[in-house]
Structure formats: C-alpha cells, structure tokens
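Look at the model below.

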Amino acid sequence: MSHMKYVLTDAETGLNPTVDELARTIMDRIGLEPRKRGSTTLMFQTLLELYERSKSANRDKHPENAIVTVEEMAAHAGISRQTMYEYLRRWLALSLISKSSYILDGKVIIGYRLNGATLESAFDKAAQRINNNLDTTMRYVRELQRIIKNEKIRKAQSPIHDFRESNTENNNPDSRTTEQ
C-alpha cells in the first residue's frame, strides 16, 4: 500500500500577479513547494521550464524536446540532483509529470515531462488524482458510518438477547440448584 501525502493549501495571489507569483501560488496550492523553512524558493522555475519545453516540443513537432533531466530540473530549482529526486516523488504521485526517455547520439536520455500537452491538461490529471483520493476516502467514510450504525443496532439488541438467555437458563430444571 502506497502512502503519499497530499498537502493542499489555500494560498492566494495578490492583484495583478506576475508569472513567478502565480506559478509559486499554484505550486503551493497543490503541495509541490518545499515544506522546510530555508528550502529553495525557486521550485516554481522547474514548472515553468517544463511548460516551456512542452510548448516548444509541440510547436516544433519534436516530443523529445519536452523532456527535462533531473539535473536540469535541479538547476532550475536551485537544489542538488539528489534533493530533486526527493521532490519528484510528489510530482509523480500527483501525475503532474511522467517519466520519459529518448535516444540521442546512441545514448538513452531519461527525464521527465509534463503529463499533458499543456499546463492545464497536466493539472487536470493531477486534479483527477486528488479527486480519486477524495472519492475513495468518501467510500471509507460511508463504510465507517454503516459499520458504526450496525454496531449500535447490534448493541441495542444485545441486552434483550442476554435477558432471554438468562431466563431460559433459570427455567431449565437441569440448571437449578437444589437446597439440601
């Protein structure tokens, strides 16, 4: 069983936000901004780079141009490659990006690309992942509610059942004790 933590916030932008402010707010709202104090503040740059690469790849009809390596992603975010791998888990869990590879000069290049042709289509997939999680949770809530209700009904009927059993035992001649 996979345990992925989805952290959604209600971050808002000010009036007339810049591209950077809006990208940072989006990343924060879906839990992709760093959570530790003092961490990079440039993670949103990775999102913008993925988007630019995706646009370019679609425009030029070269899908391999949409792929960004982990090293490139880390450079845009201002963090190490290893730290970027840790953040990638969240991106992948939301289905915002997907792992992809291509061959260049006989070498296999592995990287990640937006999980859609546009930011909007990639975020639709992330929203679907979150909605699926909420739907599953709602099924669990309904099941819990049903079980609690059934247990209460069972407990309410239980004293009557116990009372009948004790009366049956008292009326059974074999179970009576005789005084001598």
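A residue counts as buried when its relative accessible area is under 20%. Keep that cut-off in mind for what follows. The model is predicted.

Start with helix α2, which covers residues 43–60. At 1.5 Å a residue, its 18 residues should span 26 Å. The C-alpha atoms at its ends are 26 Å apart, so the two values agree. Just after α2, K61 takes a positive phi of about 60°.

Which residues of α2 are buried? They are M43, F44, T46, L47, L48, E49, L50, R53, S54, S56 and A57.

Now turn to the packing partner. Two packed helices are described by the angle between their axes and the distance between the axes. Here the axes of α2 and α4 (residues 81–93) come within 12 Å. They cross at roughly 65°. The crossing of α2 and α4 is right-handed. From α2, the contact is made by M43, T46, L47 and L50. From α4, M84, Y87 and W91 take part. The residues of this contact divide into six nonpolar, one polar and no charged. M43, T46, L47 and L50 are also among the buried residues of α2.

Finally, take S54, which lies in helix α2. Why does S54 count as buried? Its relative accessible area is 5%, and the cut-off is under 20%. What does S54 touch, leaving aside its neighbours within four places in sequence? S54 is in contact with A66, L114, G116 and A117.

Key:
Residues are numbered from 1 along each chain as its sequence is written. This is a predicted model: local features need pLDDT of at least 70, side-chain atom pairs count only at pLDDT 80 or more; totals for chains, interfaces and linings use all residues. Side-chain values use heavy atoms; hydrogens and water are left out. Axes are lines fitted to C-alpha atoms, for helices over the stretch in contact, and angles run from 0 to 180 degrees between N-to-C directions. Helices (H or I, at least four residues) and strands (E, at least two) are DSSP runs, numbered from the N terminus. A crossing is left-handed if the near helix is turned anticlockwise from the far one by less than a right angle, and right-handed if clockwise. Contact means heavy atoms within 4.5 Å. Ala, Val, Leu, Ile, Met, Phe, Trp, Tyr, Cys and Pro count as nonpolar, Asp, Glu, Lys and Arg as charged, and the others, Gly among them, as polar. The expected span of a helix is 1.5 Å times one less than its number of residues. Buried means under 20% relative accessible area, exposed over 50%, partly exposed in between (1.4 Å probe, protein chains only).
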